[in-house]
Amino acid sequence: MEATIQTTITVNGAAVTRAVPARQHLIDFLRETLGLTGSHVGCEHGVCGACTIRVDGEIVRGCLMLAVQAHGRKVDTIEGLSDSGELAELQRCFHEHNALQCGFCTPGMLLAAHDLVRTRPDATRDEIRAYMSGNYCRCTGYHAIVDAVQEALGRQEQKRRGAKK
Amino acid sequence: MNARAELPLHAPGTQVDKGYIGQSVPRPNAKRLLQGRGAFVDDLRFPRLAHVVFFRSPYAHARVKKLDLTKAARQPGVIACFDGRAVAEYCTPWVAVLGHLKGIKSAAQYAIAIERACWQGEAVAAIVAETREQGEDALGHVVAEWEELPVVTDMEDALSNRYVIHPDLGDNVCFRREFDTGGVDDVFADADVVVEETYVFGRHTGVCLEPRAILADYNAAEHSLTVYHSTQAPNMMQDIFSRHLGIPEANVRVVCKDVGGSYGIKVHVYADEMATAAISVMLRRPVKFIADRLESFLTDIHAREHKAKVRLACTKSGDILAFDLDDLTAIGPYSVYPRTSGIEGNQVVNLTGGPYKHQKYRAKMHVVFTNKNVTCQYRAVGHPIAVALTEGIVDLAAAKLGMDPAEFRRRNLIADDAYPYTFPSGIKFEKLSHHKCLDRLLALMDYKKLRAEQAELRKKGVQRGIGLAAMIEVTNPSPAFYGVGGARISAQDGATLRLEPTGMVTVLCSVTEQGQGTDGIFAQIAASALGVTMDKVRVITGDTAVTPYGGGTWASRGAGIGGEAVLQAGRALRSNILDIAAVVLEMDKAELDIVGNEIVNRLSLESKLALSELGRIAYFRPDTLPLKFQSELTVTRHYTPREYGFTFTNGIQASYVEVDPDTGFVRLLKHWCVEDCGTVINPMLVDEQIRGGVVQGIGAALFEECVYDDAGQLLNGTLADYLVPMSGEMPDIVCAHIETPTKQSQLGAKGAGEAGTAGAPGAVMNAINDALAPFGARVTAQPFTPERILKALGKV
Amino acid sequence: MKAPSFAYAKPRSLEEVFVLLRRTDDAKVLAGGQTLLATLNMRLWSPAVLVDITGVPGLAGIAVRENVLRVGALTRHREIERSREVAEHAPLLAQAAPHIAHVAIRNVGTIGGSLAHADPAAEWPACCVALDADVVIASRSGERRIKARDFFKGLFETALGEGELVAAVEFPLLGAGYRSAFLELARRHGDYAMVGVAAAARPAGGALVDLRLAFLGAGTTPILARNAMAAAEGKKPSPDTIAAAQGALERDLAPIGDLNGSPATKLHLARVLCGRALAQLAA
């Protein structure tokens, strides 16, 4: 039997401890060991972005991180961020603009878009395109995704202005 | 109030209430995808699920001298190892030929190759293990000895038969086609202007983000097989698993849950997928195969490797007289089953020159085998080639005459009132709208302003280019595509609609969903036909045990064919519902209608009975209805397009680019597409299909190519090296629609899924060449890389 | 693909790291892992053990001390991109950072990993050469420094010996009078450069003084284009001067052909970038 390492990771707010083979990447751990199949595997060489998740608040390629490297760290996946409502506004914008078709890129795309909305509230259309260019979509042609993110930024700005008053 | 139930939606002069049809309704089934709660094949969990990995040939052409699986079989977690002979006992081979492609030939292909591998990546053994990791670990313990054989990679070399890949076939020609209206040589001899150019198209592939995926579950007690398959055509696969594995058709169930993109890649039969199904039978347990990205590049079908010489003859006032085409295309070592690899080239012959009103045409086309990956139909099949070479040579002719490319097209596009029309290649058009689309496009992009802008910027050394591409597009095919050739591929589809006791509606349809919005538009159509709100409708597709028998998704047929079946079934169910309402309310059926989930008085719109109440009565209290009356709340209708072999659509695209003549880099500034797909059911979904298609076409034009060396080794089989379009380089894509419904159906919808891909490469090529025109440079080989542009400019 | 099996160790000190590295010659150092794990997932290596050094203290952080900007090897690309010290003292790095892959990679990848991997098309090695940085190397025997200009030996080959680690990079403080420019040609956002240039100079009355031009993607290592620099040193970048520098590049660069272009194409692109960099520095 392959050697394993006791690993404790906080996933979507709940601490889980498992015996993990060193070579298992974080996405396989989430999908196979925890049954969180919302994060997807598209290439396993860190290019397509389908595996984008959040570790300690920053987006990462889950396929380029070993599960054991996430020991003691906080991981957020599409399921957790959906249930907490953190992605609700962005999901609504994506839905209304049809910024997804087959949905395979969508969890990773939402994680990346959320990171942009959080860190670049003034992003222009070109800056949105540049920021999202690490996430491959074959179905949509990207235009609707950019529209959706722009809408989300606009609504965020409106809320901010409303809060200021 | 209206004549909704009786008339086609496109009937002139009537006020047909279209309900949701024509509205940009967000798709209900997108919600689960937005939360990562979809169900793709790799998400499914089964007891005793085994994983299969494949030992693949490292050589493009080699005989397997020795294959020893015994050491691999002893590795941790390995359940079994199989070679081609073992699997052949459970899965019969196939030859991908069809009767209507005269003379097409191919060699037999087995689920796992026996004795000889004919392309790098072809599987020669399978290892089944508890986990994918263990399977891959065991691959390293397979002992194989190979005898390398001569490799054919170049299409002209293949055509020369210097080395014949399948000696029994006699030569390397899979299929050849010739077409001649006659009189072509005379026309060219007499013409004022003759232009000629050769276009080269790089082989490329679909790169679905969800790789190919199949999970086969054989039940030995029942001799039944359930396959969870990321495929576009479940009934076709049901038939193929049944025939090749020797399992009765009704014992085979193919289920398509969520499919992560397909674009034609997933409508073909793959040897390793057949092997997976066979292995499930052999081991009597569920077996899963998920191609990883590296395998995908080696084995997902490639497409579009063409070299086409085209000539155009026209008068000095710019009337096109004739096209003359000589096309050579390289496929893999086998024609792909069951649709054959001859269709793409066949389409190029059918479609070249498509939008124009010339009368003379000659074409010669050869499809040759090579030792590279197999190729077959990929989104827009043949159209990107035909449109690019047509629109490229048209631009060349316009340039030679000093005519504006838009005006040259206007002069030659088939008139909007010329229909029905038979094109020189024999294809028939019901009714197209080339001129309306051209007018709309030029207005949408403000063509004159862009030309002025281009001229101004040229003075400052900024090189911008505008490229147009007019196109025709095959959609809603009848059995003329495959059925007539003997393929058990259905060109008809069915829809079953059922009113549930609570007044909800279930729609079962044989067309499938891969993200384009099939489920969404069927809900729109069903709700509109019935008079219910969309939230009451549930759509089920992709389960051969549950949905009617049909063709699935391919050739842009889902909306036009499946949608029509849904509409007709909806109208029939509406009539049945009103029959029940009439007896319950003791009113005349003609006085009643269904609006907003209620039976209403047709004229006053006063609500008389909720559908949920009607459902309760019909299902639970039929004792309260007249003695001889039987409610029939489940209705099925099928639809086959019959009058036209293919329902052609038309469109026109434009690309606006800026070329940096120092670096050869192309910046895509903007893209437009005006498209006529008949009745538009959901503009937002159609627009996104077009945009996605355009970006795929841009990928082919600028970035994508499967590069092989002379030894048949794929050099760029990773996502780092094979360049797919990402958001940073893509332009905004403006879409507009003209609607010329087809009269063949009540819905009037034609197809739209492939149009974007058909026209984009041609538009981009013409834009680049327009930008390079001041330098006297032209590019004709896709993809138009910076290096190719620099070479055309003489800079390297 | 799935990576092959390996053992994993996460030492808590540099001493422990060196012990582990000495114990087996089939160990690989894991820092950000953005390159290593991708290649392991392709089964390009089969190491016996991965030694994760991210738990070792003292290897991360950006600080100005004495006359250098010291960037710890484990500093993530994204930290360099956002750092105020970098923006003030080595803005070239901030200009280069957005070209490195994408945000998700930059959150994890490290500068030490980039230097140790020594891909000639990577951004940091060329920046280190342009800025004449020192690479600080740690081993059992302690620390040694080597000029970045001497650190890169060949394709994926550095001056790191057995049991040695990149511990930090030290950038001389250039001072306010300097300008820098980073230009890169890549097929798509975030792709490895076809060709790029990391440039810096001190404009003085329109002339460019102490000019540095370090090219990426133009050879087996980052290349300091000394001939091109000499042709433009101390001069205003007039069309003639730019042409002279571009002409001299042929003697400096040795581009490798690949799927993106032949050596001739890359040399041409390098010339174009050279001209643009000089113009930008003087603008």
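Visitor: Among contacts in chain A between residues at least 6 apart in sequence, what percentage join residues at least 24 apart?
Guide: Welcome, and keep in mind that this is a predicted model. We take the contacts in chain A between residues at least 6 apart in sequence and ask which of them join residues at least 24 apart. That share is 54%.

Visitor: Which radius of gyration does chain A have, and why does it agree with a compact globule?
Guide: Chain A has 165 residues, and a compact globule of that length would have a radius of gyration near 15 Å. The value for chain A agrees with this. It is 17 Å.

Visitor: Why is the pair of Y59(B) and W146(B) called edge-to-face?
Guide: The search of the whole structure finds 18 aromatic pairs over all chains. In the pair of Y59(B) and W146(B), the ring centres are 5.9 Å apart and the planes stand at 70 degrees. Planes over 60 degrees apart count as edge-to-face, so this pair is edge-to-face.

Visitor: How many residues apart in sequence are the parts that this pair ties together?
Guide: Y59(B) sits in the loop between β1 and β2 of chain B, while W146(B) belongs to strand β6 of chain B. The pair therefore ties together parts whose separation in sequence is 87 residues.

Note on methods: Residues numbered from 1 in each chain as written. Chains lettered and ligands numbered in written order. Predicted model: local features only at pLDDT ≥ 70, side-chain atom pairs only at ≥ 80, totals over all residues. Heavy atoms only, no water. Rg over C-alpha atoms; globule rule 2.2 N^0.38 Å. Contact = heavy atoms within 4.5 Å. Phe/Tyr/Trp six-rings, centres within 6.5 Å; stacked < 30°, edge-to-face > 60°. Helix = DSSP H or I, 4+ residues; strand = E, 2+ residues; numbered from the N terminus.
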